[in-house]
Amino acid sequence: MENPTSVGPRERARAELVEAQLEALYQVSRVLSRSLDLRETLQAVLEVLHEHADMHSGMVALRDPVRRETIVRALYGQSPANEVAYRPGEGIVGEILNHAEPLIVRRISEEPRFLDRLGLYDPDLPFIGVPINGPGEQDPPVGVLAAQPAADEGALLAERSRFMQMVANLVAQTVRLATEVDREQAAIVDERDRLRREVQESYGFENVIGRTPAIRRVFEQVRRVAQWSTTVLLRGESGTGKELLANAIHYNSPRADAPFVKLNCAALPDSLLESELFGHEKGAFTGAVQSRVGRFEQADGGTIFLDEMGEISPAFQAKLLRVLQEGEFERVGSTRTRRVDVRVLAATNRDLEAAVAAGEFREDLYYRLNVMTITMPALRERLEDIPELVRFLVGRIASNQERALEISDDAIRTLMRYHWPGNVRELENALERAAIMSEDGRIDQEAVILAGIPEDGSPAVEGGVLPAGPAAPDPNDPNLDERERVIAALERTGWVQAKAARLLGMTPRQIAYRIKTLDIPVKSL
């Protein structure tokens with residue numbers, strides 16, 4: 001058995017070096033698991049090499065595939081004052097990358113390929129540089145890891161070179177992961193910007209079709225109000241395009257990059273509406289198994305669009321007034337007051353002045369909403385827009401059906417004679433039905449009539465206002481079955497479910513359920 005005291009200084013130095021390197025590898029592994037910030041991680045690795053492995057003036061240079069250069073990305077203890085880059089094959093870095101092999105220089109001042117661009121290295125000490133390998137065996141290195149041992153004598157350069165290769169292999173995994181994350185983030189940003197451009201194009205002012213004075217006046221109001229955070233009340237009959245205006249206002253405003261959240265207030269009872277708008281805490285009520293963020297919090301910094309605003313109950317109006325006035329609210333089941341910065345766009349087809357007079361709508365809430373009012377004209381008030389509007393809608397239907405569609409002049413004349421109680425929504429649905437009836441892709445007068453538009457529709461009267469069409473049956477007629485009652489209510493209200501529900505004494509959810517169970521075609525809407 002060998003006497004421990006007979007171990008020479010070199011063996012002791014080697015044993016101490018191995019122990020230090022094991023500790024350094026452990027510390028490097030911890031560093032690499034902490035962060036995806038590549039520069040921060042590389043700096044920390046070089047610090048470990050300096051403090052635990054006696055490898056100083058560490059440097060990491062990585063290939064830039066776009067610029068076709070190798071750029072210094074990290075230096076121990078500092079950042080390069082100016083970007084330092086090496087062309088392919090240039091200097092020691094280029095040599096290591098070309099041969100994909102470690103390079104040991106015993107005295108760096110004697111190496112003619114050493115360029116000393118960093119001004120860090122002691123010319124009398126050795127230098128070790130190793131490649132950071134690519135993902136595959138045949139792939140070229142992605143970079144170089146280099147450092148200087150503290151002293152030449154007893155430096156054990158071969159052992160230090162193997163240690164540096166182990167560190168470089170660990171670093172390579174992090175470099176590949178960070179590169180992949182950067183690539184995916186860049187793809188996400190590109191996709192986000194593309195979708196944002198598409199959305200802004202889809203909701204630009206040019207997508208609100210019309211040339212009549214009434215609609216041009218609306219365009220001008222929207223352009224002016226879009227640049228401010230003013231509360232806007234959008235008024236007009238159902239189906240005139242109030243939501244389209246809300247989109248145009250948001251996506252042409254300074255808040256266009258922030259969230260745009262929408263909610264139909266008539267679709268939910270008060271108990272659910274409060275949770276939907278303000279959110280709730282876990283256990284606030286039966287079924288609240290986890291906390292939920294409300295629509296106002298989702299829209300913080302952006303815009304919230306409250307459709308069918310006139311349908312909320314007086315009890316809930318008081319709760320809504322506070323958040324509109326102060327920007328404050330509490331989640332259901334919470335006492336913590338939350339603040340939000342939200343622009344409010346509201347829409348209604350009700351006569352709010354009459355509702356205020358009847359005590360059905362709070363006067364203070366009415367004045368809070370009625371800061372800037374934009375009224376969307378009914379389709380019958382802008383008959384001259386129908387040809388342009390029809391061609392735009394036919395183009396959109398053709399895109400959805402993935403086929404070519406055209407519409408004849410006699411079909412357009414028939415459409416212009418109709419009174420359109422459901423406005424643009426009814427026109428779009430009629431055109432979609434007519435497209436379905438048209439096998440060859442040409443929507444003619446016959447297809448329009450088959451879609452439910454009478455050939456002898458009510459003619460326009462002086463001033464461009466059309467009288468109402470034939471009245472639908474009374475929804476409360478006892479001779480009608482349930483399906484006929486629901487259809488009659490929908491026809492009387494221009495196929496607006498919230499209005500039809502009030503006519504029948506139902507909630508919007510109840511009438512939606514009956515439309516589904518009674519198999520009332522959605523195409524009729």
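**Entry 1: R176**

I looked up R176 and found it in helix α4 (residues 157-202); helices here are DSSP runs of H or I with at least four residues, strands are runs of E with at least two, and both are numbered from the N terminus. The model is a predicted one, in which local features need pLDDT of at least 70 and side-chain atom pairs count only at pLDDT 80 or more, while totals for chains, interfaces and linings use all residues. Residues are numbered from 1 along each chain as its sequence is written, and side-chain values use heavy atoms, with hydrogens and water left out.

The relative accessible area of R176 is 24%, so I noted R176 as partly exposed. The term buried stands for under 20% relative accessible area, exposed for over 50%, and partly exposed for what lies in between (1.4 Å probe, protein chains only). I then checked N133, which is 43 residues from R176 along the chain; their C-alpha atoms are separated by 9.7 Å. Apart from neighbours within four places in sequence, R176 is in contact with N133, G134 and P135, where contact means heavy atoms within 4.5 Å.

**Entry 2: A258**

I located A258 in the loop between α6 (242-251) and β8 (260-264). A258 counts as partly exposed because its relative accessibility is 23%. Setting aside neighbours within four places in sequence, I recorded H250, G301 and G302 as contacts of A258. From A258 to Q298 I read 9.9 Å, C-alpha to C-alpha, at a separation of 40 residues in sequence.

**Entry 3: positive phi values**

Most residues other than glycine have a negative phi. I noted S57, which is not a glycine, with a positive phi of about 50°. S57 belongs to strand β1 (residues 55-64), and its relative accessible area of 17% makes S57 buried.

A100, also not a glycine, has a positive phi of about 55°. I found A100 in the loop between α3 (91-99) and β4 (103-105). With a relative accessible area of 33%, A100 is partly exposed.

In helix α7 (residues 270-278), I listed L273, S275, E276, L277 and F278 as the buried residues.

Helix α12 (residues 386-401) has 16 residues, and I read 22 Å from its first C-alpha to its last, close to the expected 22 Å; the expected span is 1.5 Å times one less than the number of residues. Its buried residues include I386, P387, L389 and V390. The buried residues of α12 pack against β16 (406-407), α13 (409-417), α14 (423-437) and β17 (442-443). After α12 comes E402, with a positive phi near 55°.

**Entry 4: helices α16 and α18**

Which angle do helix α16 and helix α18 make where they pack? I read about 120° between α16 (residues 482-492) and α18 (residues 508-517), with axes 11 Å apart; axes are lines fitted to C-alpha atoms, for helices over the stretch in contact, and angles run from 0 to 180 degrees between N-to-C directions.
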